[in-house]
Amino acid sequence: MNISDWNNDEILRLVMAKGHVTQKILLEKLEKQKGHSVPQSTFSCKIKRNGLKLSEFQDICNILGYEIILKQK
């Protein structure tokens, strides 16, 4: 699936839907893995602003069992 033109919100909605998790559950899993919490409102705003860092997205993919593959067109 080519998601090159998708924004943070579209990508995370897909990943969370396929992983059968809500933002709240995802944030709880991130807190367990990273040891610090992020308020849900802050996380939501970051996604809507398209401000999610690559490292944050990598953590989310890791938690939900996805890998990120980069291939040349």
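This is a predicted model: local features need pLDDT of at least 70, side-chain atom pairs count only at pLDDT 80 or more; totals for chains, interfaces and linings use all residues.

Biologist: How are you calling helices?

Modeller: They're DSSP runs of H or I, at least four residues, numbered from the N terminus; strands would be E, at least two.

Biologist: OK, which residues in helix 4 are buried?

Modeller: Helix 4 covers residues 54-64, and F57, D59, I60, C61 and L64 are buried in it. Buried is under 20% relative accessible area, exposed is over 50%, and partly exposed is in between, with a 1.4 Å probe and protein chains only.

Biologist: And what do they pack against?

Modeller: The buried residues of helix 4 pack against helix 1 (8-19), helix 2 (23-34) and helix 3 (40-48). Contact here means heavy atoms within 4.5 Å.

Biologist: Switching to helix 3. Is K46 buried or exposed?

Modeller: K46, which lies in helix 3, has 19% relative accessibility, so it counts as buried.

Biologist: What does its side chain make a polar contact with?

Modeller: The side chain of E56, at 2.7 Å. A polar contact is a pair of N or O atoms within 3.5 Å; within protein, one must be able to donate a hydrogen and the other to accept it, and residues adjacent in sequence count only if both atoms are side-chain atoms. Not counting residues up to four places away in sequence, K46 touches N8, G51, L52 and E56.

Biologist: What about M16, where is that?

Modeller: M16 is in helix 1, and it is buried, with a relative accessible area of 10%. Leaving aside neighbours within four places in sequence, M16 is in contact with V21, T22, Q23 and L26.

Biologist: How far apart are M16 and C61?

Modeller: In sequence, 45 residues; in space, 9.5 Å from C-alpha to C-alpha.

Biologist: Zooming out, how many helices and strands does the protein have?

Modeller: It has 4 helices and 0 strands. The radius of gyration is 12 Å, close to the 11 Å from the globule rule for 73 residues, so the protein is as compact as a globular protein of that length. That radius is taken over C-alpha atoms, and the rule is 2.2 Å times the number of residues to the power 0.38.

Conventions: Residues are numbered from 1 along each chain as its sequence is written. Side-chain values use heavy atoms; hydrogens and water are left out.
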